[in-house]
Amino acid sequence: MPTQFQEVEVILNRFFVKKLSRPDLTFHEYQCQFTQVPEQGSEQKAISSVCYKLGVTAVRLGSCIITREPIDPERMRTKDWQLQLIGCRELSCQNYRERQALETFERKILEEKLKETFKKTIIEKDYELGLIWWISGEEGLEKTGHGWEVHRGRQIDLKIETDEKLYLEIDIHHRFYTPFKLEWWLSEYPNIQIKYVRNTYKDKKKWILENFADKSPNEIQIEALGISLAEYHRQEGATQQEIDESRVVIVKKISDYKAKPVYHLSQRLSPILTMETLAQIAEQGREKKEIQGVFDYIRKNIGTRLQESQKIAQVIFKNVYNLSSQPEIMKVNGFVMPRAKLLARNNKEVNQTARIKSFGCAKIGETKFGCLNLFDNKPEYPEEVHKCLLAIARSSGVQIKIDSYFTGSDYPKDDLAQQRFWQQWAAQGIKTVLVVMPWSPHEEKTRLRIQALKAGIATQFMIPTPQDNPYKALNVALGLLCKAKWQPVYLKPLDDPQAADLIIGFDTSTNRRLYYGTSAFAILANGQSLGWELPDIQRGETFSGQSIWQVVSKLVLKFQDNYDSYPKKILLMRDGLVQDGEFEQTIRELTHQGIDVDILSVRKSGSGRMGRELTSGNTAITYDDAEVGTVIFYSATDSFILQTTEVIKTKTGPLGSARPLRVVRHYGNTPLELLALQTYHLTQLHPASGFRSCRLPWVLHLADRSSKEFQRIGQISLLQNVDREKLIAV
């Protein structure tokens, strides 16, 4: 371990349950043969569906099915498929796929026993979080508002390590819920965008809300059934009033991107609410105080979370695993890594980006700026932003021109004249504009953003506050500068020959119809931006291997243009799970050129909580979040978990608890400790924020923001002529 890493004890919300015995690891394995071969890409789903029809607990392992109990021979054959016993064998926790199958199996057992023991309980499966065990009745209802409620439950996941030990990972979980139908929400909150909905029928099936159809339920025919949409829902229990008062909506399965959209009724769907939904309500000035109270309430500190988790673990130990022992909070050895060093003008070390007001920016970009004031029609910048821009320019040793103003009265009303307005501004050499405006729906900002981009102009938006806020003004100024090709700070490179000299982050997003894959952002070892790349339009979340190589090759050539050589080593970071085959072509091509590469999967969930004891001995034990930069290594699985952010401290204590990242290396041979240090330092590089770091490494933060921006714009062709060094998504 590097000498600059400080060893510390770390508390996890994990509880050791047992070491798996030989019987726990021994399974019957079956081959599944289908009468009609499943459609390509849906084989795994087809096998998983068979697992529910066998009379015993069963899960998929690759293309096979495994069970602990033998399957009744009468259940091994249907008209659609048949099973053939391969044999009985012991699974290995050293094998990643077999360990994953074991976890899935044990999770199923846990779910079954909880439902069996607690008859009226509600347990939901969550792809990322494991199981959600809801507190039923009034006890689980914690906050209510106009059309929304906050319910509390317990998030329970199960982990098996390579040493065959099984752990429970338990946390408090909240969900926003509405007892009202989608139609009520559309009428009550017309400007709040609903992304996901669920059936009001017993199955509570979840859908992506795609669009609305300009037809009545009686006009739409379901061809496969030979009946109308109205008749179908009537048979499902919908009343005539619900049918008559419904709008027809178009929905799509969440879990299957290949599935065709289907028609549904707004009175037979309920919105799935999120924190973002409530934040949008508060932005509109409704229930602002109540909603802020909700956010404060659900941000439980780690001490409260650990105490609650221990109580839940005790219930599960007794009722599911028949253990009389008390669950103990897990303690492990971790390390605190040294903080990154940020560099301002002339490589001056600064402790936060805000210091560039005094020391100047690391890199200068455009020097002409415009301001469109749609807020109060004054031909001027907000005072604090104006002062901040001049101070930064003075410290950076340059003069900037910020005397080009327009107001709402200057802005044309029709689309053609508006396009000409932006074109004429661009003709004056102004490529970056601050837009000052009152709160407006996202659609209005997107319209302005698109009009400006057509003329090659990047826009920074600002909603003024009643009082001058120098902190907000600084962040607005930093965003404006980043969009004008400035870079406020660099990163002091790691002094290690094995560190990557080119880092690329990849992300994907969707506008509900298409996925914007391989949105990418790249930097050099010193944090200098190498720019963003346009995404590939695709059908699903799996990246195209060809598209990844196209992006990587462009950026490698950019690097060569700067340094007259290829990079020696590249670090590729993928937001979320790396799918099979995504990076194979890139690895092959880079290896052929003698370029080393590491590939990391960076996940925002699945890593639990990391804490530390503050007091012990004769006094009561209290807990705090682990220090920023704390890392725990799991060498056997080539992974680590990393604390990158800290919670807000208040007079009454910390507000909430930080979530660490889980990082898994999928390819490469750089020491894991060096990858963790480089990942941590990349989270501290945030040129567009004066005081905050990122939770994600900067390359992934920008790739994520860029993919969301591309999704909102929806017209990728607009971006073809935009300078890639203008960080339009900050």
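This is a short tour of one protein model, stop by stop, for use with your viewer.

The model is predicted, so local features need pLDDT of at least 70 and side-chain atom pairs count only at pLDDT 80 or more, while totals for chains, interfaces and linings use all residues. Residues are numbered from 1 along each chain as its sequence is written, and side-chain values use heavy atoms, with hydrogens and water left out.

**Start with the whole protein.** You will find 18 helices and 38 strands (DSSP runs numbered from the N terminus: helices are H or I with at least four residues, strands E with at least two). The radius of gyration, taken over C-alpha atoms, is 28 Å, close to the 27 Å of the globule rule for 730 residues, so the protein is as compact as a globular protein of that length. That rule is 2.2 Å times the number of residues to the power 0.38. Along the principal axes, the C-alpha atoms fill a box of roughly 80 × 70 × 60 Å.

**Next, select 401-407 and 458-462.** These are β22 and β24, the edge strands of an open, parallel sheet of four strands, ordered β22-β21-β23-β24. Strands pair if DSSP finds at least two bridges between them; β23 (residues 432-436) and β24 are joined by five. Look for V435, which stands opposite F461 in β24.

Angles run from 0 to 180 degrees between N-to-C directions, and axes are lines fitted to C-alpha atoms, for helices over the stretch in contact.

By angle, under 35 degrees is roughly parallel, over 145 roughly antiparallel, 65 to 115 roughly perpendicular and the rest oblique. Among the residues in this contact are C388 and I392 of α11 and L474 and L481 of α14.

**Finish at α7 (residues 275-283) and α8 (residues 288-298).** Their axes come within 8 Å and cross at roughly 150°, so α7 and α8 are roughly antiparallel. Select M275, L278, A279, I281 and A282 in α7, which meet K288, I291, V294, F295 and I298 in α8.

Terms used: Contact means heavy atoms within 4.5 Å.
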